[in-house]
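Let's take a friendly walk through a protein model, strand by strand. Have the picture at hand and follow along as we go.

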Amino acid sequence: MFNKEIIAGFQNHKTPFYYYDLTVLDETLKVINDEIAGFNYKVHYAIKANTNDRILAKIKEYGLGIDCVSGNEIKWAIKNRFEPGKIAFAGVGKTDEEIEYALKTGIFTFNVESLPELEVIDTMAGKMGLEAPIAIRFNPNVNAKTHYYITTGLEENKFGINHWELSALFELLAKLTNIKLLGLHFHIGSQILDLSVFKNLCNRVNDYQREFSDRGIEIHHINVGGGLGVNYQNPDGEPIPDFKTYFQIFKKFLNLRPNQELHFELGRSVVAQCASLISRVLYIKEGIKTNFTILDAGMTELIRPALYQSFHLIQNLSKLNDDPSSKYDVVGPICESSDCFGKAIALPKTERGDIIAIRSVGAYGEVMSSSYNLRDKAAVVYR
Ligand SMILES: Cc1ncc(COP(=O)(O)O)c(C=O)c1O
Ligand SMILES: N[C@@H](CCCC[NH3+])C(=O)O
């Protein structure tokens, strides 16, 4: 991602800043489109991962739709010229205002997460003289084998309708007159590296499909959500897991009906590798076991390590060819001990003023930043 010229160019910018390499995004989007070509598959990009307008313009260029989780995300998608007919709306807590707005706008589908929500959407659509297009989000109770905080498809999670609610759901569907059932929706979690869990998901989806076809209910599309993980250890290497293997699982194990569409809501795997957080070393401070490298970027720019103890590769771009002979706790300036990007990180001997890159921050990076400690918003630089 970096060469001498790019690194030299960084000297002209005030740090910290988000550096987006749109050529990386191009490559990723091309791979996705190649893998789904010839199949009745559609990808709706999960906009929560990154709402940057230049990123969205690229995603639109490749023809993806958008998966939203708030009314404001829908508004933002439309402002960025995505057609309402390519926008899906999920979320366990849709407000009346958001539902009304989405109905008026004519989005493709509501991914409905509970029976009470289904009734509210039906009532509101009735009052507006509309038919609400819906998919039912099921909680398939499939373990995504990922971090506890980003697991969404276990019965104990708040997301989706559980299997034991199925007969109540069928009764309700038969009764409601202002909804049009289009799809079945699933999303089991994020940063999934063990792809066998998607095979387990396919088996559950096939079971759910049967429940509907046994009752003579036709389903237009199946939505298997997102969740494909990325290689945080080696962002410049081959993606592990890779898109080919991922899509292959659905091609092999999911029983699509004739003419049925298969939808995906990928977020992280689309955008994670196209960005780095670029920062300068403010101080090297002596520590008890390891010295501290204190950066001018902190958890306000990237909260993932503090929130999930997640790993991001850290590189000293000022000394890229030197041996990583020293170890540092790489920390930010925020008044929290969790403001730490990594402990005992091997780096070349690092000095004040060195440029540091924190890699793979394109997903859930900039969007999760905050102004805690009244910090300025980080700038953005593109290639
Ligand atoms: C409903 C839904 N769809 C899609 C995504 C995108 O997931 P990921 O970024 O892991 O691909 C999420 C986030 O986990 C989600 O909650
Ligand atoms: N914010 C999480 C992912 C959550 C995805 C949304 N359900 C992360 O940074 O990994």
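Asp 67 has a bridge partner in strand E4, and that partner is Ala 88. This pairing belongs to a set of three bridges that join E3 to E4 (residues 87-89), with the two strands running parallel. To get from E3 to E4 the chain passes through helix H4 (residues 71-79), and this β-α-β crossover is right-handed. Please keep in mind that you are looking at a predicted model.

Now look at the other neighbour of E3. Strand E2 (residues 41-46) is joined to E3 by three bridges, and these strands run parallel. One residue pair to find on screen is His 44 and its bridge partner in E3, Gly 65. Together with helix H3 (residues 53-61), E2 and E3 make a right-handed β-α-β unit.

Are the faces of E3 covered or open? Both faces of this strand (residues 65-68) are covered. Gly 65 and Asp 67 lie on one side, Ile 66 and Cys 68 lie on the other, and all of them are buried.

**Moving on to E6**

Strand E6 (residues 132-137) is mostly covered, with six of its six residues buried. Ala 132, Ile 134 and Ile 136 point one way from the strand, whereas Pro 133, Ala 135 and Arg 137 point the other way.

E6 also has partners to visit. Strand E5 (residues 109-112) pairs with E6 in the parallel sense over three bridges. Within this pairing, Phe 110 has Ile 134 of E6 as its bridge partner. E6 and E7 (residues 179-185) pair in the parallel sense over six bridges. Here Arg 137 finds its bridge partner, His 185, in E7.

Here are the strand pairs side by side:

| Strand pair | Direction | Bridges |
|---|---|---|
| E2 and E3 | parallel | three |
| E3 and E4 | parallel | three |
| E5 and E6 | parallel | three |
| E6 and E7 | parallel | six |

**Around the ligands**

How many residues surround ligand 1? There are 17, and the closest are Ala 46, Ser 190, Gly 226, Gly 267 and Arg 268. Sorted by class, this shell has six nonpolar, eight polar and three charged residues.

Ligand 2 has Lys 48, Ile 150, Ser 190, Gln 191, Arg 304 and Tyr 364 around it. The shell around ligand 2 divides into two nonpolar, two polar and two charged residues. Ser 190 is listed for ligand 1 and also for ligand 2.

**Stepping back to the whole chain**

In total, the secondary structure of the protein chain comes to 11 helices and 16 strands. Along its principal axes, the C-alpha trace spans about 70 × 40 × 40 Å. The radius of gyration is 22 Å, which agrees with a compact globule, because a globule of 383 residues would have a value near 21 Å.

Of the 383 residues, 43% count as buried. Finally, think about contacts in the protein chain with a separation of 6 or more: 72% of them are between residues 24 or more positions apart.

Key:
Residues numbered from 1 in each chain as written. Chains lettered and ligands numbered in written order. Predicted model: local features only at pLDDT ≥ 70, side-chain atom pairs only at ≥ 80, totals over all residues. Near = placed C-beta within 6 Å. Nonpolar A, V, L, I, M, F, W, Y, C, P; charged D, E, K, R; others polar. Buried ≥ 20, exposed ≤ 12 C-beta atoms within 10 Å, placed from the backbone. Helix = DSSP H or I, 4+ residues; strand = E, 2+ residues; numbered from the N terminus. Pairing = 2+ DSSP bridges. Rg over C-alpha atoms; globule rule 2.2 N^0.38 Å. Contact = placed C-beta atoms within 7 Å. Right-handed = clockwise from strand over helix to strand, strands pointing away.
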